[in-house]
Amino acid sequence: MRLTKILAVLSILLSAALGLQAQNRTVSGTVLDAEGLAVPGVGVILEGTSTGTVTGFDGTFSLQVPSKEVVLVVSSLGYVTQNVTVGAAQSNVVVTLAEDNLTLEETVVVGYGTQKKVNLTGAITSVESAALENRTAHNLTTMLQGSVPGLNISTSSGNPGSTGTMNIRGYTSINGGEPLVLIDGIEGSINRINPQDVASISVIKDASSAAVYGARAAYGVILVTTKSGSEDKTKATVRYSGRFGVEMPTTSTDWETTGYWSVYTINKFWYESKGSNYVNYGQADMMELLRRVNDKTENPERPWVVVKDGKYKYYANTDWWHELYNDVHPTTNHSVSVSGGNNAVKYYVSGQYDRQEGMVKARPDVYEKYNLRAKIDARINKWARVSNNTNFFVSSYDYPGLADIQDSFAYGDRHAPACFPLKNPDGTWIYFADALPSSYRLANGRHWAYASDNLNLQKRNDFTNTTELTVTPFQGLTLKANYTYRTYSNHDTHRRNLIEYSQEPGVVQTYNNGGAYDNYMTEEIKEYVRQTWNVYATYETSIAKSHNIKVMGGFNYDDYHYKRVAAKGYDLISTELSDLALITTTRSPEVGGNQSAWRMAGFFGRANYDFKGRYLFEVSARYDGSSRFEKGHKFGFFPSASLGWRVSEEPFFAPVKHIVNNFKIRASYGTLGNQNVGNFSYIRLVNFKDFAAFNFGGSTMARYTNLGDPVASDKTWETSKQSNLGIDLALFGNKLELTTEFYIRDTDGMLTDGMDLPATYGADVPQMNAADLRTKGYEISLSWRDSFKLFGNDFEYFVKPSLSQYKSNITRFNNETKLLSNYYEGMELGEIWGFHVDGLFASDAEAQEYTSRVDQSYCSANLNGGWKAGDVKYADLDGDGVIGIGKNTLDDHGDRIYLGNSLPRLHYGVQAGFSYFGFDVSAFFEGTGDHYWYPSRYNFDFWGPYSLGYPTFLAKNFLANCWSEDNPDAYFPRPRSNVASNGGGELGRVNDRYIQNVRYLRFKNLTIGYNLPKSFINRFGIEGLRVYFSGENLAYWSPIKKVTDHLDPESCFDRDGDPVNDLNNTSYPWQKTFMFGIDLTF
Amino acid sequence: MKKKFLFLALAAFAAVSCNLENLLSLNPESQLTPEAYFRTAEDLQLFSNTFYNNLLDKAPFDRESDVFVEVNPSNLIRGGNDRTVPASGGGWSFTNLRKMNTLLANVDKCEDAKAVTEYTALTKFWRAYYYADMVRKFGDVPWIDRELGSADPALYNPRDTRETVLQHMIEDIDEAIENLPGKAKAPETAYRVNKYTAMALKAQFCLFEGTFRKYHSDPAPFENSYKAADGSTTTWQEYLTMAADAAQMLMQSNQYRIFSTGNKNADYLTLFNSDNANTDEIILAINFDRDLKIMHDCSREMTAQTAARYGMTKKLVDMYLMADGSRFTDKPGWNVMPFAEEVADRDPRLAQTIRTPGYSWKNPGVSKDGPEFAYCQTGYQPIKFVQTYSVKPYTADNSYNDMPVIRYAEVLLIYAEAKAELGTLTQDDVNLSIKLLRDRVGMPNLDVAYANEHPDPYLMSEETGYPNVTDVNKGVILEIRRERAIELFQEGYGRYFDLMRWKAGYCLNQPMYGMYIAGPGQYDFGDNSKYTFYTGNSSATGTRYKIFDPATGDATATDELFYLVNPLTGELATAGVRDALKTVPHSFDESKHYFYPIPEKELQLNKNLKQNPNWK
């Protein structure tokens, strides 16, 4: 940009703050419609200014205008905007508005076409680009979170590049199921498109709207339409948007940093369970730590590392978190687009660069992504157009450590009390330490791994190219044929090195465990190719201007191929370089690979009929085939139908039409399929494997083959039958809009262990379509938009709350005894069963008396020395003298009771904002209703040392929350380690005292922007200039905050049930973002 | 234009739909389908490799027995209320059988006719092996010789009779003997099944069946159990004859011999603690390999405090003859003899089976120690599968000596036992069999006539023997049982099933005592081990054990309590034999424990399936 332009921008900013134009007369008037009825809620604006007002219920208005002749712009939804000239002497006007067919033509993107919004009969929510353009979140799912009722989005990680997972209308299937995402009609990844490219997003929620996608759309469809060039913009529009900001954790990172308190606390817990100290420090060592308890930095008189008997001793006060992680870390985004066109050619080209730097301090993890989109549409002749749409996406995530970044957080959060520094004074790493139990290593070496030459690089790229031919042979018929080639790949590189550490001055040792601590690298390339063909025709006609008919039909074919190649080589000759060319072959390199494929083909069709826009009918269907089923079971037919009644168009409705502008009732029913099974799961494949430990005397492990499990011969589609009832209302001149939906979705024939077979069958019971699920729910969205005069200027504001809720129950499952350990008929998904806790024992005597009557051994793991004061008292609800789960069935559940539901079944969101005098402010809140989480057994952030006993990050003053004689009302029980990590421990058993309500309300976004006045910037050839601040995830409120401010409620879920490889300790924190941005259009 | 257009569209539609089914048919590209497999000898071998891995018991020793006990015996040994009907599992598994039937159903796809014959025979060997185990455990079981579909009514069949199953097993094993190849080339020799393995297996299960029917003759445990569906039957004598014939066929093949270097004090032990199976004597073994980390836990189990503290019982120690062939239990004071004296001058196999003075496990010359109660609760600490200390086998899963599955010695014992039970055993038969085992360890031969004239009261006693042996030649039958218990200690499918077939479950009710301790005091069981036994509070250091004093009933000591009982009366005493299982009940119920129970779930799923007698 030239210097002059920058100066121009600055001067615009300045002049914007200057005074207003003088207003010195009043014009009043009435706005009527074609039939002479008053129209309320009509905007009346003085042309060329932002001064204006809105008509009242009686259709009247009054406005201050300059004394000269003025032009009023009168506009309202559904009417043609009029420019009314008011002479200098005129003080009263009557404006008659004509109905605006264009607005009535407002369309929504539906499957293989568009539909007039007023004619919709299914459940579709449309999000326009304006709602997304100002958001600074890094990807679309995060932006959409909370904005569409019924579209539930959850994030599973806070690391750079992490995205949300989407789910439409609650629990889909016990085998999982996600919405189908189509980008410009082609299946794609929603998070791989540039949010700035989005023109609109249609979220299709019911079966009738999704029916044309048949077997892939059982759990809804999201149609993303990207921006295109416009025919009437012969002059190119260039838009630049730049954002700079920082991210930081949403949760506290303030941990115990004094060696003394860290060791004291951990040892106290450890000793109670194991009878020994975790950090092997005696009285003298503790005195050393106490001497330094107030040293924030090392005092030369009291060194943190001391050599005793030739070995290092550590008395440090290390802030491990801030030694390992940066709380505040930068992020940047630039995007630019150029668009334009004329009658013959339209074009749109855009690019984006997004960079997120992560938290790791030694060598930050960095996520970068690039997007490029190019669209061109050209007229061939009078009846044919050809278009091409290319999207290219590249991302890379480069992070240090030993494995996954989450793994580094999880395992670095072990075995590093604050008394240990990261390094010895001579710069060598600390790894094994005398004071640590012999099987444990400082921070599991993650501190070293962050700084080492270890490398992890995840590269992703995605290329999609669609060519489409549109033919209009005669009026009313449109024919489209397109072909898409999409290739995307994952390329992962990992590099490991040997760790060098020191336990005594001058002696450096190397550790090689043949696993993570070894010299090797791996490369893995996964390549995916998808080709899609669509051919479809649309015919539209109107008979006698009353009967409107639209028919669409076509064919779709999808071909998918996947291939993986992997290699691992050892003993690279350089630690800094990482390439398989550098391996030495003293150890044999390892290679592997595999490939897979599927295909689908389907015929689809849809017919719409309406009578005078009053009675609406739609039928659609798809006949789908999939390669994933056996011959004879490959095809499925999925029909649906819907109807709507626009009550407000009835003649009898006329008297109230000026208040109720729109009133529509619609209903739909349809069937969809789910082909979500393995690509070749109907074939018993031959598997070649090495025995874990068996051979016949040779020098290698023996190999064997086996045949996959038998397959039920009638295995077929899971189907989803959905009914939907919707009501749309618009009131007070369309100021208030209300949409409600009610739905029931039956997911039938979910694949599961079909039926128990006698053992003589000799194999695992084949999967059969033997389970059913019913999900019921509703969605409400409300919108209020209005404006009024404030100090002579228009104050426009809006509030848009929305709410959705669902409930899912198993309606068929093979579990006759209703074992609670499995699904059972009637079960509501998400049920949590657990014990009732009657508080903590007040005294040893009470503990002994109670446990002599009630056997608490079911929760006594790591109970050293018997039940004592401060231990958890479990209620013997069934009175049998034993705490237990009975037969663990619905009828005999022992002492356990239903404690709550783990699914966030209620979601809500509120968007509100105003604009005034060039400024705009919008805020967005979203949240969930009551849902519960029993803290995962290894969650250090919640349990501290009650879990594995050796957390690196220990909440400050943790003991204040723990029971002691002086603190009998504490939340946590008597300090004991490993009682939460052990599923049989007093905290490992799910109970109502420690279950957490993780409902939350999140201040998701705040944007404050200023649009410089057009009249001013236009002088510099600039069409629009906006500066703004935007914050994402600014704050949250949740009951769990009362217990800990280290856990974001969205991070409260079980990451994996496997305690051996548990990532629940600590996860990459959820992030909030503060960004400043500038949007420039010229 | 309109019409033309519609016509074109319809034509395209028709063209596509015709080919759709083919368009949507894909074949996996990185995995084989069953149609493309089972084509070569290698395909068949890879598929059958699973049978070895899945069916051979890789737990390194026979742990369920009346002569070998652990701190916390399995429910099989505890019996009583500890043996319950399982909800599911419990050995009632047909998974491996299905794999065999899969191979048999597909074997004809192979173009190599020789391979078809060989792997059919191999699979039938494993099917017989599988059924031998099922019959031992459950008695009558369903015979299934094809892959059953999920809707096949045969899933709900009742059990076939024992006789039906046995007749099929004999067909299978005879085909295996006929068609299996001879010994495999090194290094696979001892690890692959050959025709001699099949002969040994036939001898094994025919001996089982013959003796089982002889002792469980009246009545058969199940109605018609000894009759096939067509009414035919095979007598116990015929089974024993088949056992002896199969053993004899193997003996006459001259493929195997008893391993001996002439060192009577080492050869027996060498056979079990060597890295690799001896291919002269061991017919089938499981390979363990240090480099490939295929290892077992036997050395640690016998030498670690944290393990189950296995020990031989005094009953078996007392069975070992003196080195001169006379009976230990004929010696005065045999029952209250100090350890060192007790184990002196015995059958050399004793010192090669348990730790006796002079045995050095740790580095020779560095440390010599005697039995360790902390490792072995009876004091008779097994060493048969313990590797030398220098390879650190004492850490978990670090032993790699091969484990024998069937060895030639067992075949000789089967031959002798079958003949003896038939009443046809001659001194010549003994010279061909038992004598070879005795020769290796320098023991005098078994004299048939003498044995029959002087049946051993110890082996007839209700406390320590088999009172239900009543044949005229019971003397030699008992001697062969002695020989079998000693020679095969800790090996094979085990002592437990010997007791079952002899209808001698009562042996599990006999006392399971340990070593004799002459009361409080200090003892040296080895060359330099010091033990202190006391009854009151003692300040003595070293390895200390507190003998439970029945007079004071002291039960509060933190030291491990050492229960001693009078070996004759079983009453608590301050001098006597250790009753290691004092607090562990073990009771065998003659009315039901000869068979395993069928899991509850199976009875519910298949109403035609009836539970074994008296199990509830």
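**Notes on the predicted model: cores, a sheet and the A–B interface**

1. Let me start inside the protein: the largest nonpolar core has 195 residues, and those touching the most other members are B:F125, B:W126, B:Y131, B:F205, B:Y466, B:I517 and B:F533. A nonpolar core here is a set of buried Ala, Val, Leu, Ile, Met, Phe, Trp, Tyr and Cys residues joined through side-chain atoms within 4.5 Å. Buried means under 20% relative accessible area, exposed over 50%, and partly exposed in between (1.4 Å probe, protein chains only). Helix α5 of chain B (residues 113-138) supplies the largest share of this core, 15 residues. Helices (H or I, at least four residues) and strands (E, at least two) are DSSP runs, numbered from the N terminus.

2. A word on conventions: this is a predicted model, in which local features need pLDDT of at least 70 and side-chain atom pairs count only at pLDDT 80 or more, while totals for chains, interfaces and linings use all residues. Residues are numbered from 1 along each chain as its sequence is written, chains are lettered from A and ligands numbered from 1 in the order in which they are written, and side-chain values use heavy atoms, leaving out hydrogens and water.

3. B:F205 is worth a look. Beyond its neighbours within four places in sequence, B:F205 is in contact (heavy atoms within 4.5 Å) with B:A128, B:A132, B:L166, B:M169, B:I170 and B:I173. Another core, of 54 residues, lies apart from the largest one and includes A:L289, A:C419, A:W448 and A:F953.

4. Now the overall picture of chain B: 21 helices and 12 strands, with 57% of its 616 residues counted as buried. Its C-alpha trace spans about 115 × 55 × 50 Å along the principal axes.

5. Chain B also holds an open sheet of 4 strands, in the order β5-β12-β10-β11 with antiparallel pairing. Its edge strands are β5 (516-517) and β11 (572-573), each pairing on one side only. Pairing requires at least two DSSP bridges between two strands; β10 (residues 564-565) and β11 of chain B have 2. B:L564 has B:A573 as its bridge partner in β11(B).

6. Finally, the interface: 58 residues of chain B are in contact with 58 of chain A. About 5,100 Å² is buried between the two chains, with carbon and sulfur atoms giving 69%; this is the accessible area (1.4 Å probe) that two parts lose on being put together, summed over both. The count of salt bridges (a side-chain nitrogen of Lys or Arg within 4 Å of a carboxyl oxygen of Asp or Glu) between these chains is 1. A:R684 and B:E147 meet in a salt bridge at 3.3 Å, N to O.
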